[in-house]
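Welcome! Try each task yourself before reading on.

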Amino acid sequence: KDSIRYYNEVPVEKRVFKNLQLFMENKSPGDDLFDRLNTTVMNKHLNELMEGLTAKVFRTYNASWTLQQQLDKLTDPNDTEAEKILSYNRANRAVAILCNHQRSVPKTHAKSMENLKAKIDAKKEAITECELQVKDAKRDAKHGSVKEKVTYEKKKKQLERLKDQLTKLEVQATDREENKEIALSTSKLNYLDPRISVAWCKKHNIPVEKIYNKTQRDKFRWAIDMAGPDYVF
């Protein structure tokens with residue numbers, strides 16, 4: 001699909017295997033395997049099984065169900081905001097893989113990861129330096145003035161901020177590396193019920209704008225207004 005090779009191995013019944021062998025007879029490698037099947041024929045058959053059922057409806061349901069299951073499985077209520085968003089992206093990634101929404105690794109990926117690693121290393125150095133400052137400030141504050149105690153509290157808060165920033169950078173690096181061959185936006189915008197994402201945001205106190213940009217929020221306004229934190233697909 002879209003010049004991206006799809007490779008998967010699945011066990012099948014003997015009858016299916018024999019049928020596939022029959023379908024391959026007298027065909028060249030570039031010929032369609034299911035040459036007698038097209039979207040119209042398949043959708044007509046699906047509609048006979050259930051009114052309104054089409055290939056796209058089936059895929060949308062399957063994708064949405066998978067997202068809901070993955071979010072329930074991966075999201076830890078005690079995680080930080082950045083870690084929860086990583087879990088969301090991992091759940092979305094499972095859907096993208098299911099729908100074969102793959103892409104080539106961006107040419108800028110290696111350079112981007114290199115820059116991110118440099119930021120992480122710099123942040124670690126800043127934390128090490130700040131930890132020494134906190135240690136000194138604690139010693140000074142033990143029997144020191146009010147000013148020295150205030151300085152100690154400020155240094156502690158500074159250290160906490162630096163550690164939070166490091167966590168965000170490390171999560172960002174993990175997310176970017178895991179996403180390098182997956183196109184998340186296709187499934188998120190076209191094959192997922194937006195109420196699942198909105199409900200997840202409300203349940204875990206994540207701003208919706210962290211998941212959908214302004215244009216997407218306008219598109220899914222109905223879902224934002226409709227879905228509460230307890231909505232389940």
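Of the 233 residues of the protein chain, 30% count as buried. Keep in mind that this is a predicted model.

**Exercise 1.** Work out which kinds of secondary structure the protein chain has, and in what pattern.

*Solution.* 
- Step 1: Count the elements. There are 10 helices and zero strands in the protein chain.
- Step 2: Read along the sequence. The pattern is α-α-α-α-α-α-α-α-α-α.

**Exercise 2.** Find how the radius of gyration of the protein chain stands against that of a compact globule of 233 residues.

*Solution.* 
- Step 1: Take the reference. For a compact globule of 233 residues, the radius of gyration would be near 17 Å.
- Step 2: The protein chain has 25 Å.
- Step 3: Look at the box. Along the principal axes, the C-alpha atoms fill roughly 90 × 40 × 35 Å.
- Step 4: Turn to the contacts. Among those with a separation of 6 or more, 76% join residues 24 or more positions apart.

**Exercise 3.** Describe the surface and the charges of the protein chain.

*Solution.* 
- Step 1: Start with the area. The protein chain exposes about 16400 Å², and 52% of that comes from carbon and sulfur atoms.
- Step 2: Count the charges. The side chains include 45 positive and 35 negative ones.
- Step 3: Locate the two sets. Their centres lie 3 Å apart.

## Annotated places

**Exercise 4.** Is Y191 buried or exposed, and what does Y191 touch?

*Solution.* 
- Step 1: The unreviewed UniProt entry carries the annotation "active site" at Y191.
- Step 2: Y191 sits in the loop between helix 7 (184-190) and helix 8 (194-203).
- Step 3: Apply the cut-off. Buried means under 20% relative accessible area. Y191 has 12% relative accessibility, so Y191 counts as buried.
- Step 4: List the neighbours. Leaving aside residues up to four places away in sequence, Y191 touches K56, R59, T60, A63, S64, H101 and T186.
- Step 5: T66 is 125 residues from Y191 in sequence, yet their C-alpha atoms are 11 Å apart in space.

## Two loop asparagines

**Exercise 5.** Work out where N26 and N100 lie, and which is buried and which is exposed.

*Solution.* 
- Step 1: Recall the background. Most residues other than glycine have a negative phi.
- Step 2: Read the angles. Phi is positive, near 60 degrees, for N26, and phi of N100 is also positive and near 60 degrees.
- Step 3: N26 is in the loop between helix 1 (14-24) and helix 2 (39-49), while N100 is in the loop between helix 4 (81-98) and helix 5 (109-142).
- Step 4: Judge the accessibility. At 82%, N26 counts as exposed, whereas N100, at 13%, is buried.

## A last pair

**Exercise 6.** Describe the surroundings of K210 and of V16.

*Solution.* 
- Step 1: Begin with K210, which lies in the loop between helix 8 and helix 9 (214-219). Its relative accessibility is 47%, so K210 counts as partly exposed.
- Step 2: Look for partners. Not counting residues up to four places away in sequence, K210 touches E81 and I85. K210 and E81 are 129 residues apart in sequence, and 9.8 Å apart in space from C-alpha to C-alpha.
- Step 3: Move to V16, in helix 1. With 37% relative accessibility, V16 counts as partly exposed.
- Step 4: Finish with a distance. V16 and R36 are 20 residues apart in sequence and 17 Å apart in space, C-alpha to C-alpha.

Methods
Residues numbered from 1 in each chain as written. Predicted model: local features only at pLDDT ≥ 70, side-chain atom pairs only at ≥ 80, totals over all residues. Heavy atoms only, no water. Helix = DSSP H or I, 4+ residues; strand = E, 2+ residues; numbered from the N terminus. Rg over C-alpha atoms; globule rule 2.2 N^0.38 Å. Buried < 20%, exposed > 50% of the residue type's maximum accessible area, 1.4 Å probe, protein only. Contact = heavy atoms within 4.5 Å. Areas by Shrake-Rupley, 256 points an atom, 1.4 Å probe, with all protein chains shown as cover. Lys, Arg positive; Asp, Glu negative; His and termini not counted. Charge placed at Lys NZ, Arg CZ, Asp CG, Glu CD. UniProt positions renumbered as here; feature names shortened; annotations may be inferred.
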